[in-house]
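Thanks for coming. I will go through one structure, beginning with a loop residue and then moving to a helix.

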Amino acid sequence: NFEDALREVSGSDIGRGDLAQILHGFSKALTPVGPTLSDHDADLLTKAGFVASPAAATAGRVDRDIRMQELVRSSLSIPAAAELLGVTPARIRQRLTDGTLWAFQSGRNRLLPPAQFTDAGAVPHIERVIPFLADDMHPLTVQALLTLPQATLTVDGEPVSIVQWLTGSAGNSEDIDRVTDLISASEWTLS
């Protein structure tokens, strides 16, 4: 069926509604925004290695939209996070206010990305790291920062993610400082 074909092509569970949003994004991406470049400016950009590729830009947008749909689907609601951590939803909201858990807005709901949690509860020491994340970071950036291997965090010579580092760490100040330094450096790079 249609949904199975979408899943096979994209590698994700995409419904018709999701596809409609993606196609709407395509139509915006293919519509020129603003004035075109002068021949001189276009030539300078081409010589510098910047080549206009509407297909590549559109593919990037589609990839981002698919990853965002997956993040929304896999994130926890406040009640679900409360159940996982064995606390009340009010306690989760308090931790969000305190900055010891992180959530993003999706419609009218605040969702907590799954990188903060294990099957048994919160990632160890996550409450000491989350306050260092900038409030305006995109949810996909936060998820990637927490889950992708980082060259400066290694175990047995292999790069590990912040989540893996925190899970294997005893939580001493030096281990946490390495993570907070990494987050600060990534925010500086992104700005």
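A word on terms: helices (H or I, at least four residues) and strands (E, at least two) are DSSP runs, numbered from the N terminus. This is a predicted model, where local features need pLDDT of at least 70, side-chain atom pairs count only at pLDDT 80 or more, and totals for chains, interfaces and linings use all residues. Residues are numbered from 1 along each chain as its sequence is written, and side-chain values use heavy atoms, with hydrogens and water left out.

The protein has 10 helices and 6 strands. Of its 191 residues, 32% are buried, meaning under 20% relative accessible area with a 1.4 Å probe and protein chains only; exposed is over 50%, and partly exposed lies in between.

Now the loop between α4 (54-74) and α5, where S75 sits. Is S75 buried or exposed? Its relative accessibility is 11%, so S75 counts as buried. Leaving aside residues up to four places away in sequence, S75 touches F104, L111, L112, P113 and P114; contact here means heavy atoms within 4.5 Å. A polar atom of the S75 side chain is also 2.7 Å from the backbone oxygen of L71.

Next, helix α6, residues 89-98. Its buried residues are I92, R95 and L96. They span an arc of only 100° around the axis, which puts them on the same side of α6; the arc is that of the directions from the helix axis to the C-beta atoms. In general, an α-helix has 3.6 residues a turn, so residues three or four places apart point the same way. The cover over the buried residues of α6 includes α5 (78-85), β2 (109-111) and α7 (126-129). Just after α6, G99 has a positive phi of about 80°.

Notes: A polar contact is a pair of N or O atoms within 3.5 Å; within protein, one must be able to donate a hydrogen and the other to accept it, and residues adjacent in sequence count only if both atoms are side-chain atoms.
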